[in-house]
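Please read this report alongside the sequence and the 3D structure. It is meant for a reader who has not seen either before.

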Amino acid sequence: MEYIRSQIEKNEELIRKRCETWSKVRLDELQDKIEADQDRLTELENIQTGSSKTHKQRLQQMSKRQARQLLAVNRVGKRKLGDQGRKSLIDSDTEEKIAKAIEDKATYHGRRHNTTMYTNRRVKVADLPGIANHFLALAGKPLITSKTTVWNRSEPRRKNSIQAKLHLGKGLFCMKKPPKTEHCENESTHHQRAHVNNVKMLFFSRRNESNRKYCFCRSVDDKAYIRPGTGEGMNHARNQRILQPTAEERS
């Protein structure tokens, strides 16, 4: 009520000062605003005094609403807020380091001046505890065993879901689908690299010294061949979600 009275006085003073310079339309609009404020002030005075049954009911409703707000703010009948509960195992610093590790591992890289985009080994949810424990061990903090503890630091898929209420932190990483333009350019090369390494260990190890002179190894471009039977990363790559940073400039 005091605020409405101050607004009425302010507008009346403005009309007295600008009555000769402002147009009649603008002055009429200001006068209508003053009348609306006066009607609102009269209504509040009737509610405060309880001049009618309706005004008494509205006063009771306003009092109950104000009482509920005061009870909620002052936490009447509730426990005091303090250091109760389990402390968070992952802080914001560790969370940023995890996001940086995911960024370094899940981003694309070019090889041998080729326009095709080749992917590193994709970071999975099962790898998150190992990544987090690495940084926690360096900081001398207790290690974690649950992958959900780290996954709850990610950005939820749907913010209005029940699961989203369990997510904490800044949400620096999430699950994303590769763009449709990269559907035919998503080639995995780590299978052939491991296959070549296994062949070298078989043919040129100490166990095979007697037959080593019959073995010949020729360097072949490993990006051009995939070991027979390999299907991972080759079919429906666009439908596979990749764990990567949330920010577009870092993904």
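The sections below cover the basis of the model, its salt bridges, its nonpolar cores and its surface patches.

## Basis of the model

This is a predicted model, in which local features need pLDDT of at least 70, side-chain atom pairs count only at pLDDT 80 or more, and totals for chains, interfaces and linings use all residues. Residues are numbered from 1 along each chain as its sequence is written, and side-chain values use heavy atoms, with hydrogens and water left out.

Helices (H or I, at least four residues) and strands (E, at least two) are DSSP runs, numbered from the N terminus. A residue is called buried under 20% relative accessible area, exposed over 50% and partly exposed in between (1.4 Å probe, protein chains only). Accessible areas come from the Shrake-Rupley method with a 1.4 Å probe; for residues, only the protein chains shown count as cover.

## Salt bridges

A salt bridge is counted when a side-chain nitrogen of Lys or Arg lies within 4 Å of a carboxyl oxygen of Asp or Glu. By this rule there are ten salt bridges. One of them joins E43 to R58, with 2.8 Å between the closest N and O atoms. This pair links distant parts of the chain, since E43 belongs to helix 2 (residues 24–49) and R58 to helix 3 (residues 53–74), 15 residues apart. E43 is partly exposed at 25% relative accessibility, and R58 is partly exposed with a relative accessible area of 32%.

Another salt bridge is formed by the side chains of R153 and E95, at 3.5 Å from N to O. R153 sits in the loop between helix 6 (147–151) and strand 3 (173–176), and E95 sits in helix 4 (residues 92–106), so the pair ties together parts that are 58 residues apart in sequence. Both R153 and E95 are buried. K159 and E155 also form a salt bridge, their closest N and O atoms being 3.9 Å apart. Here K159 is exposed, with a relative accessible area of 67%, whereas E155 is partly exposed at 25%.

## Nonpolar cores

A nonpolar core is a set of buried Ala, Val, Leu, Ile, Met, Phe, Trp, Tyr and Cys residues joined through side-chain atoms within 4.5 Å. The largest has 14 residues, and those with the most contacts inside it are I98, I102, L128, I144, V150, F173 and L243. Helix 4 and helix 5 (128–138) are the elements that give two or more residues to this core. Helix 5 gives the most, with five residues. Apart from this core lies another, of seven residues, including I4, I8, L41 and L44.

F173 lies in strand 3 and is buried, at 1% relative accessibility. The C-alpha atoms of F173 and S154 are separated by 5.1 Å, although the two are 19 residues apart along the chain.

## Surface patches

Patches are made of residues with over 30% relative accessible area and no salt bridge; like charges are joined within 9 Å, and nonpolar side chains (Val, Leu, Ile, Met, Phe, Trp, Tyr) within 5 Å. Lys and Arg count as positive and Asp and Glu as negative, while His and the chain ends are not counted. The place of a charge is taken as NZ of Lys, CZ of Arg, CG of Asp or CD of Glu.

E29, D32, E35 and D39 form a patch of negative charge on the surface. E29 is in helix 2 and is exposed, with a relative accessible area of 52%. V199, L202, F203 and F204 make a nonpolar surface patch of about 310 Å². F203 is in helix 7 (residues 190–203) and is partly exposed, with a relative accessible area of 34%.
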